[in-house]
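The sequence and the structure come first, and the notes follow.

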Amino acid sequence: MEQRTKQARGWHQHFLGFWARLNCEHMPVIPAWLVRRNVDDPRRIPYLLAWKDERDGEIKEVVRLTSYIDQHLGTTLHHIELKRTNGSKTILRLLWRRLPRNGGDALFLLCPYCQKARRFVYGWEWDSDSGWSNVVRSISWRCRSCARLRYSSESGYLRGSGRGAVAALFRSLGNLPRPQSWLPYVFTSPEEAATAGVCQLSSVPWHGTR
């Protein structure tokens, strides 16, 4: 298993600047509520997730999401498999937690690195070998902390920056809108994805065993 190095913190627990931290809103994310949609689907079919750059229409990431159940020593374990077009796979265990109200339960994803129940997992992180602070690389899916990502609101980002009268005016107007998470397009068949122009049938990791 990969070893995760913790980023150093300085005064008031702010992250030190020599370690780049990219915003999680700009990274492909899989939320637990989307996984639950697949788990609850009575058709028991895989879903195809595709992240598209809305600026140029380029597909940046494609993943096949499949849910399954394992029986281990008399215990029922629920998992999902996330398979990329290059054949790499990430297996995540699913956990249900009782909600304090209404007697319902919520689905969480168990991060394979910190072993904590999370509502979101991310597929990219900063490429520390590139020498640039804005270059990312594909990683196995994990939580925001293990992917070394931050929220856009950290370090005062949403209040604007800079000096002078214009910057002061923007700060006086309050926080900027919080960026939306980069959610995937969801398809329930490769034909549907191909018709939408998301990808070609030959490139879809749809069939195959775990």
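The model is predicted: local features need pLDDT of at least 70, side-chain atom pairs count only at pLDDT 80 or more, and totals for chains, interfaces and linings use all residues. Residues are numbered from 1 along each chain as its sequence is written, and side-chain values use heavy atoms, with hydrogens and water left out. Helices (H or I, at least four residues) and strands (E, at least two) are DSSP runs numbered from the N terminus. Two strands pair if DSSP finds at least two bridges between them.

**Sheet of seven strands**

- Seven strands form an open sheet with antiparallel pairing, in the order E8-E7-E6-E5-E4-E3-E12.
- E8 and E12 are the edge strands, and each of them pairs on one side only.
- E4 and strand E5 (residues 75-84) run antiparallel and are joined by 10 bridges; Gln-71 has Thr-76 in E5 as its bridge partner.
- Strand E6 (residues 89-98) pairs with E7 over six bridges in the antiparallel sense, and Arg-98 stands opposite Asp-105 in E7.
- The hairpin of E6 and E7 has six residues between the strands, and Asn-102 in the turn has a positive phi of about 65°.
- Strand E8 (residues 117-118) is joined to E7 by two bridges and runs antiparallel to E7; the bridge partner of Leu-109 in E8 is Arg-118.
- The hairpin of E7 and E8 also has six residues between its strands, with Gln-115 at a positive phi near 60°.
- Strand E7 (residues 105-110) is mostly covered, as five of its six residues are buried (buried means under 20% relative accessible area, exposed over 50%, partly exposed in between, with a 1.4 Å probe and protein chains only).

**Helix across the strands**

- Helix H1 (residues 32-39) lies across E3, E4, E5, E6, E7 and E12, and runs at about 105° to E7.
- Axes are lines fitted to C-alpha atoms, for helices over the stretch in contact, and angles run from 0 to 180 degrees between N-to-C directions.

**Sheet of three strands**

- An open sheet of three strands has the order E2-E9-E10 and antiparallel pairing.
- Strand E2 (29-31) and strand E10 (136-142) are at the edges with a single partner strand each, so one side of each has no neighbour in the sheet.
- On average, neighbouring strands of this sheet are turned by 20° against each other, direction ignored.
- Strand E9 (residues 120-126) pairs with E10 over four antiparallel bridges, and Glu-125 has Arg-137 in E10 as its bridge partner.

**Side chains**

- The whole structure holds two aromatic pairs (rings of Phe, Tyr and Trp, the latter by its six-membered ring, pair if their centres lie within 6.5 Å; planes under 30 degrees apart count as stacked, over 60 as edge-to-face and the rest as tilted).
- One of the pairs is Trp-124 with Trp-182, which is edge-to-face at 5.5 Å centre to centre and 80° between the planes.
- This pair links distant parts of the chain, 58 residues apart: Trp-124 is in strand E9, and Trp-182 is in the loop between helix H2 (164-172) and strand E12 (185-187).
- Trp-124 is buried at 13% relative accessibility, and Trp-182 is buried at 18%.
- Asp-53 lies in the loop between strand E3 (47-52) and strand E4 (59-72) and is buried, at 11% relative accessible area.
- Not counting residues up to four places away in sequence, Asp-53 touches Glu-58, Lys-60 and Trp-182 (contact means heavy atoms within 4.5 Å).
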